[in-house]
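Visitor: Hello! Could you show me how to read a protein model, step by step?

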Amino acid sequence: MKVELQNLTKIFPSRNKKSGEEVVAVNNFTFTIPDGKLVGLLGPSGCGKSTTLYMISGLQKPTSGKIFFGDEDVTELTPENRGIGLVFQNYALYPHMTVKQNILFPLQNLKGKDRMTKDEMLNRALEAAKLVQIDDLMDRKPSELSGGQQQRVAIARALVKMPRVLLLDEPLSNLDARLRLQTREEIRRIQKETGITTIFVTHDQEEAMSISDVIVVMKLGVVQQVGKPQEIYDDPHNLFVAKFLGTPPINVFTGRVENEKLYIGNDAVLDVKGVEDKDVYVSIRPEGFSLDEKGPFICELSNVEIMGRDVSVVSKNEASLNPVIRSIINADNKVDMTSATVRYTLKPHKVFLFDKKTEERIYFEVK
Ligand code: ADP
Ligand code: MG
């Protein structure tokens, strides 16, 4: 089911009538989620991800804008009539019910033509449980399950009505690191198996990158960039997006362009053909540095962290906006730890320039 958001806006009135300002939680969000895809809604806390999801679910009404499922305008429909499955961060299972009863619950309230016989309901519940691999736990209570198992029950409960759209709001946040990894692979598998159009909300860029067909990056209620995970990583359109994606984080410097050369401090670090003279932010991915005894970019060497296949060289530079610079270098390249400095050549396609004022990308010709 294709989901279309048209100029979706949500404004919350101020809580404090006298002094408070209203909050524009989601600002003019227009986007089409293709049928059968998994879209990751990514951004820092408070950027409007949940509000967007709740508007799609019908739990919150947009201040303005429209929502379509396929060709159907669902903007005025109640959540029950939209055919959605919703999973929250905190599982929200009924503690006094067994797993089976929890999964059956959404089916028992169906009315009219949707009503099902007891056997039909049991079959459906078992199918959903099998899909998330908890069919051997049907008679347990939620308190007798691990966090990961509880979240699977919540997902089964969301799937049991065979929703047109599956909405997941930070579903892995309460799980420990290993379970998070495992459960996110599970979610991906289930999504592919069922082909249900899915919207996955997270503040964790790595999670979004690994699971999504398409990522939507948000900041303060405004969409910043939409694209495939790799595309956004390789071609961030503004400084915020560049900084939000990638671990270790991208290295940011103040710099300037003079005569089509990029300067960081006094070092002319790169040719940037086609850029006029101006002050810029320079962002360099950790993998964008090559060790080079004669390299033009000179940094103060602090430390080398062993990571196995690679090493992370930690260095400093006065123009760096991050406390330290991290470069990722293949472990075969030896770093001379007796030296006070480390010299780099930069890989042009891993270097991004941004306007100092607008923080928008400035492109240069890469030879
Ligand atoms: P996210 O899920 O990305 O963390 P939210 O969608 O929950 O962000 O919130 C977006 C903004 O809207 C925040 O500034 C938040 O404080 C505000 N907000 C969310 N819900 C309400 C509400 N019911 N009343 C007033 N402000 C709200
Ligand atoms: Mg949220």
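**Reading a ligand site and a domain interface**

Guide: Let's begin at the ligand: a polar backbone atom of Gly48 is 3.1 Å from an oxygen atom of ligand 1. That is a polar contact, a pair of N or O atoms within 3.5 Å; within protein, one must be able to donate a hydrogen and the other to accept it, and residues adjacent in sequence count only if both atoms are side-chain atoms. This is a predicted model, where local features need pLDDT of at least 70, side-chain atom pairs count only at pLDDT 80 or more, and totals for chains, interfaces and linings use all residues. Residues are numbered from 1 along each chain as its sequence is written, chains are lettered from A and ligands numbered from 1 in the order in which they are written, and side-chain values use heavy atoms, leaving out hydrogens and water.

Visitor: How far from an oxygen atom of ligand 1 is the polar side-chain atom of Lys49?

Guide: For Lys49 the distance is 2.8 Å. An N or O atom in the side chain of Ser50 also lies 2.8 Å from an oxygen atom of ligand 1.

Visitor: How is the protein divided into domains?

Guide: Domain bounds come from an automatic or database domain assignment. Here domain 1 covers 3-240 and domain 2 covers 249-362. Their centres, taken over C-alpha atoms, are 39 Å apart.

Visitor: How much area do domain 1 and domain 2 bury between them?

Guide: The size of an interface is often given as the accessible area lost when the parts come together. Buried area is counted with a 1.4 Å probe and summed over both parts. Domain 1 and domain 2 bury about 800 Å², 49% of it on carbon and sulfur atoms. Tyr233, Pro236 and Leu239 supply 66% of the area that domain 1 buries against domain 2.

Visitor: Which residue forms a salt bridge with Asp235?

Guide: A salt bridge is a side-chain nitrogen of Lys or Arg within 4 Å of a carboxyl oxygen of Asp or Glu. Asp235 pairs with Arg361, with the closest N and O atoms 2.9 Å apart.

Notes: Buried area = accessible area lost by both parts, 1.4 Å probe.
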